[in-house]
Amino acid sequence: MAGAALTALGLLVGCSGSDDAGAGSTTLSVAALEGGYGREMYTQVIDAYKAKHPDLDVTLQISKSIEDEISPNMKAGRFPDVVVLGQGRKAALTETLIKDKAIEDLTPVLQTTVPGESTTVADKLTAGIVGNLNTDPYGDGKTFLLPMYYAPTGLFYNKGLFEQNGWAVPATWDEMWALGDTAKAKGISLFTYPTAGYLDSYFFALLAGVGGEEFYTQVMTYQQDVWKTPQARQVLDITTKLLSYAAPTTVGYANEQDFTKNQQSILDNKALFMPNGTWIVGEMKDAPRADGFAWGLTPLPAVTAGSKRYLTTSVESVWIPSGAKNKDAAKDFVAYLYSDEAAKIFAASNAIQPVKGIATSVPAENADFYELYEDADVSALVGGFASTAPVEGVDIKGTLFDTANSIISGDKTEDQWQAALQDASEKLRQAGK
Amino acid sequence: MTTLSPPPAAPATAPSAGRTPEKRPKRKPGDGLFVALCLVPALVLFALFMIWPTVNVFRMSLFTWSGFSPNMRFVGLDNFTKLFDDPQFIRAFQNTIALLVVVTIVTMGAGLFLAAIMTRQNLRGRNVYRFVLYIPNVLSVVVIAAIFSALYDQENGLINGTLRAMSLDGLQVVWLGDQKVVLWSVAIAMVWQSLGYYMVLYMSSMASIPEELYEASSLDGASASRQFFDITMPLIWQNLRTTLTFFVMSAVNLSFVLVRAMTGGGPDGSSEVLLSYMYKQAYTNSSYGYGMAIGVVIFAFSFLVSLLVSRATRREPLQF
């Protein structure tokens, strides 16, 4: 509203604001989401960058709802030069621009030498972190989004409770069901989730666990009839069984207002596991908790003993809109974000970048979580559903995750779930052709 | 409206009729231009911020567009045909209608009842009641959502807690988790929010009804309920009609903000309403054109309902 009023005033007065600064000095505009890591690290990194480029002015726009602030200008054709914003947000700005093909190809940046260092960006990045659907959304080998920070997501639990009862963290689904029955006898539910949307990391890891990474990619790229396969059915079977162990309060609290109450049930020893990310430690740091409580994180149990387990890894992204004015300066800045200097500043705020040798910089409170990657049986899994042209009325994430609420409450059956997924996947496949 | 419109019409015809030419200052040729110039800024703003966006909604509903890119593809009425095959849209539409009907009837009925009691019965402390009932109207929706989240909490909530304390455990309901109940939980919050506002509106128009009418009728032996239906209702009828139209419009909006703050449309889309579904499609699903088609349906729907309500409630205005 205020912006519109200003525009109107501008029109009435007849002055067109000139954004172009005088020749010689460029203004690089950076927009970032103020996530759990705070805003301080961005100002520090920008100051460090400016110290090296005295003739360059870098402006930072940072907000918890950055989409709302930059979208109106973007619709009017004024784009920020660099955007730090991942996928999976409600406003889905990154996804929208991907679907629109309105993001700059950053493949050349990978071969750029990091400013002030002698290695290229590609050499600094951890193996396997680019080249997946999260960074190459069209699956054509071109990288459009560079991975900024990564964090493991998986099942969070109370280590203390397991120690007190002498329980082992289940390594297979059979052990999981056995533990579910044991815990039930003590009045503890096996499973809960904050909202159904948090099941994303769970499903991605389970799909890969059941059918391997190839099957996972098939699901993510909407292969024909992929939801009719026995693997897909097994995924839904396991999930339906797991949901039958869900805490009775789960669905009633699975909304924007009350989701922390579901998270609280882990702290209160009312439920054993919930899917979540490492931010949970900070998010619930002031919440009351049971004696001896300590956060633990485990990948999903293996489907058969000894088979591979997956740790869905959430990756924030940095990208350059195609409409940005200072693309060259923006690319240099993006390359700088991977320098040792910048990585150190980010790591101090718990924002861990996927660069080689970062493990030593992870602050102690999160070190255990990142150590899971060291396990030979555990693989990192990055990505998400492939982008297609938007299909009206079809939201496969909603169909896959939100239906869990209806499965628990008995409003839908597993067969209906499978059919709806097949239908949504098929529509998206046709749109992606 | 009726008292204001005649005077401007009079001077327009008066000079030509030549009845009172010298009493009124004569219009100079430049006057029209001056008046037009004075009107221009307001008209421009109105056109720019009201008419143009509305026209744009209609135009964009005919395109497939993500909201950002320069590529808009014209698809004619495709977005509308898709709407009627979209079960989630149908459910959102049904929810909106259910909320509209139930919330309107309950709010209007309760508002009228309370207003009648407060104006007709010499209730002690009625200002306090009026104040208390009006407060929800000035609260922000986020606060209301938080209050109701505390009321509806399935374990420690005020409602379920009270039921447990009265050993009525069997009546406990998962207010925001049961798909058959969640919509009514939202409806209760909507009624609570708007009841006070409409009650105050009705109270003010009831207060202006002359006391003699009631005295005369009570001498004739009319009971309080007879007075309500035969005196109060007919005399505030015009007010009732206006508020009804208001309410239809605001209920569509209020249901959206409350649903977004309280349930997010869940569980599994069971409390989705038209506007929240429009938001989901236009932004989260990057289908801006489809979202605008839903917008057009909402526009047409509220327009139609208002028209029907206004037609159905038309009566000869009564004066006292």
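This is a predicted model: local features need pLDDT of at least 70, side-chain atom pairs count only at pLDDT 80 or more; totals for chains, interfaces and linings use all residues.
**View 1. Where chain A meets chain B.** Start with the place where the two chains touch: chain A brings 31 residues to the contact, and chain B brings 37 residues. On the chain A side, several helices each supply at least two residues, namely α1 (2–13), α3 (66–75), α4 (93–99), α11 (250–253) and α18 (403–409). If you sort the chain A residues that touch chain B by kind, you get 10 nonpolar, 10 polar and 11 charged.

**View 2. Two domains within chain A.** Chain A is divided into domain 1, made of residues 24–151 + 315–367, and domain 2, made of residues 152–312 + 386–432. Taken over C-alpha atoms, the centres of these two domains of chain A are 29 Å apart. Where they touch, 12 residues of domain 1 are in contact with 14 residues of domain 2. On the domain 1 side, α4 and α16 (364–371) of chain A each give at least two residues, and the largest share, three residues, comes from α4(A). The domain 1 residues on this side divide into five nonpolar, four polar and three charged.

**View 3. A look around B:Met60.** Find B:Met60 in helix α2 (residues 29–60) of chain B. Is this residue buried or exposed? B:Met60 counts as buried because 22 C-beta neighbours lie inside 10 Å, and the cut-off for buried is 20 or more. Leaving out residues up to four places away in sequence, B:Met60 touches B:Trp65, B:Tyr288, B:Gly289 and B:Met292. For a sense of distance, look also for B:Leu99: this residue is 39 residues from B:Met60 along the chain, and their C-alpha atoms are separated by 28 Å.

Definitions and conventions. Residues are numbered from 1 along each chain as its sequence is written. Chains are lettered from A and ligands numbered from 1 in the order in which they are written. Two residues are in contact if their C-beta atoms, placed from the backbone, lie within 7 Å. Helices (H or I, at least four residues) and strands (E, at least two) are DSSP runs, numbered from the N terminus. Ala, Val, Leu, Ile, Met, Phe, Trp, Tyr, Cys and Pro count as nonpolar, Asp, Glu, Lys and Arg as charged, and the others, Gly among them, as polar. A residue is buried if 20 or more other C-beta atoms lie within 10 Å of its own, exposed if 12 or fewer, and partly exposed in between; C-beta atoms are placed from the backbone. Domain bounds come from an automatic or database domain assignment.
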